[in-house]
Amino acid sequence: MHTIHRKETVFSNALRYAVERGVLGSLPLGKVDWKAPETDDEIDFRFVPGPGQAKALIAAVGTQGQRGGHLRAFFGCLYYAAMRPAEVTDLRVSACTLPEEGWGELVLSGGTPRVGSAWTDSGASFDSRGLKRRARKATRSVPIPPVLVRLLRAHIKEYGTADDGRLFRAHRGGHVLSKEYGEIWQKARRAVLSQEEAASPLAEVPYSLRHAGVSLRLDSGVAPAEVARRAGHSIAMLFRIYAKEIYRNQQHSNEQIERALSDADANPDRS
């Protein structure tokens, strides 16, 4: 649904420009009787990998030859930092605080989605953009757990960085392509999942790790507003996409409150 609306807007703007230049006499879109089909944005958590599966899949990526070894920390960012793939491809060493012990931090400032060379000023197939749904120069601070700190430190030690400071490059240089990391992901799925699981939508695409990362934060009791901030979501978007998970956590919170109230009734003299 979001893709349809985005492309419809771009196409409409192109037609308006054609009208302005006199190529078209009027806008033809208003004559088309069609609406985008309704979709359900909620995540189906039956197919989102749990923490054990996510860790096993990331480890399996690292065993898929040289390309897999180079992409292990890439997939770690999707899960442990709940980043979007385009944000990971743009991640630079200058944005990373990676202490020898404890939590680190990533300060994200943009992404490099693949848009095709015909649509960029430079002629490159990747376009450098600001954070999704944020002002061009906005940044997002994401605390990262020690396990991701170690992954990134090991990656930098083993593979270094690109000339512009990017941590992740394609096997032969350049930007990491979705086709490349998608192939590695499918090999990791076959190595970790059962035949029945691999034939299902479970962890079907690399983006599943981002869903799993957001779910991990919600399950851990992190406030939804903070989860949304770290993931780069609006609160409304978080509640729409992760509604089932948030509702489940609300039920858990209600149970905790109820237990506390019961304890207070049983021990009225406790300060």
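**View 1. Cys 77, a buried cysteine.** Cys 77 has a relative accessible area of 0%, so it falls in the buried class (under 20% relative accessible area; exposed is over 50%, partly exposed in between, with a 1.4 Å probe and protein chains only). This is a predicted model: local features need pLDDT of at least 70, side-chain atom pairs count only at pLDDT 80 or more, and totals for chains, interfaces and linings use all residues. Residues are numbered from 1 along each chain as its sequence is written, and side-chain values use heavy atoms, with hydrogens and water left out.

**View 2. Cys 96 and its cysteine neighbour.** Searching the whole structure for disulfides (cysteine sulfur atoms within 2.5 Å) turns up zero. The closest cysteine sulfur to that of Cys 96 belongs to Cys 77, and at 7.3 Å that's too far for a bond. Cys 96 is buried too, at 14% relative accessibility.

View 3. Aromatic pairs here are rings of Phe, Tyr and Trp (its six-membered ring) with centres within 6.5 Å; planes under 30 degrees apart are stacked, over 60 edge-to-face, the rest tilted. That rule gives seven pairs. Phe 45 and Tyr 242 make a tilted one, 6.1 Å centre to centre with 45° between the planes. The two residues sit 197 residues apart, so to speak bridging distant parts of the chain. Tyr 242 is buried, at 0% relative accessible area.

**View 4. Tyr 79 beside Tyr 80.** With centres 4.9 Å apart and planes at 65°, these two rings, Tyr 79 and Tyr 80, are edge-to-face. Both Tyr 79 and Tyr 80 are buried.

**View 5. An aromatic cluster.** Ring pairs tie together Phe 74, Phe 75, Phe 168, Tyr 181 and Trp 185.

Notes: Helices (H or I, at least four residues) and strands (E, at least two) are DSSP runs, numbered from the N terminus.
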